[in-house]
Amino acid sequence: NQYREAEPKHGRLAMLAALGWPLSEELNGPLSKALGMQTLLQPGCDAGSTSAQCAEVLSRAPSVLNGGLLSVSPLYWAGVIIFSAAVENYGQKIAKRPNYLPGDLGFDPLGLYQSKDAAGKLDIQLKELNN
C-alpha cells in the first residue's frame with residue numbers, strides 16, 4: 001500500500017528534521033571554524049536592536065523565514081537532491097522483493113528490529129505507524 005509506505009518515510013524525515021535543526025545551530029560555529037569557512041547563522045541585527053534581541057537572532061540557522069538559504073551553496077542543494085534520489089531509487093528497487101515490508105530499507109544499525117521475533121516485529125511496525 002502506497003500510504004503505508006509513505007507514513008514511516010515521512011515520520012522518519014520529521015524526526016531527522018527535529019533533531020537536525022537544533023543540532024545545526026549548535027555545531028555550526030565549531031564546524032565552520034574547523035573547516036575554515038564562514039558561519040551561515042543569520043545575524044539580522046540592526047541599529048535599533050537590543051543585545052538580547054541580537055543574541056536571539058544570532059543563534060538562528062538559515063531558513064526561508066530569515067532569508068538565509070540564499071547563502072547556502074547550490075552545490076549543497078545539488079548534493080541533497082542527488083542523495084535523496086539515490087535513496088528513493090534504492091527504496092523502489094527493494095520494494096519489488098518478495099516478502100517486502102513497507103518502510104523496511106534494511107537499515108538497522110542498532111539491531112533493534114532484526115533481533116525481534118515475528119510478533120515483536122509486527123509490534124514495532126504498528127508503533128511506528130501510530131506515532
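Buried means under 20% relative accessible area, exposed means over 50%, and partly exposed lies in between (1.4 Å probe, protein chains only). This is a predicted model, where local features need pLDDT of at least 70, side-chain atom pairs count only at pLDDT 80 or more, and totals for chains, interfaces and linings use all residues. Residues are numbered from 1 along each chain as its sequence is written, and side-chain values use heavy atoms, with hydrogens and water left out.

**View 1. D123 and K127 form a salt bridge.** A salt bridge is a side-chain nitrogen of Lys or Arg within 4 Å of a carboxyl oxygen of Asp or Glu. Here the N to O distance is 3.2 Å. Both residues lie in helix α4 (residues 118–130), four residues apart, about one turn of the helix. Helices are DSSP runs (H or I, at least four residues), numbered from the N terminus. D123 has 38% relative accessibility, so D123 counts as partly exposed. K127, at 48%, is also partly exposed.

**View 2. E88 pairs with K9 in a salt bridge.** The N to O distance is 2.9 Å. E88 sits in helix α3 and K9 in helix α1 (residues 2–34), so the pair ties together parts 79 residues apart in sequence. E88 is partly exposed at 34% relative accessibility. K9 is partly exposed at 31%. A search of the whole structure finds two salt bridges.

**View 3. Helix α3 covers residues 74–94.** Its 21 residues should span 30 Å at 1.5 Å a residue. The expected span is 1.5 Å times one less than the number of residues. The end C-alpha atoms are 31 Å apart, which agrees. At the start of α3, a side-chain oxygen of S73 comes within 3.1 Å of the backbone nitrogen of L75.

Technical notes. Helices (H or I, at least four residues) and strands (E, at least two) are DSSP runs, numbered from the N terminus. A polar contact is a pair of N or O atoms within 3.5 Å; within protein, one must be able to donate a hydrogen and the other to accept it, and residues adjacent in sequence count only if both atoms are side-chain atoms.
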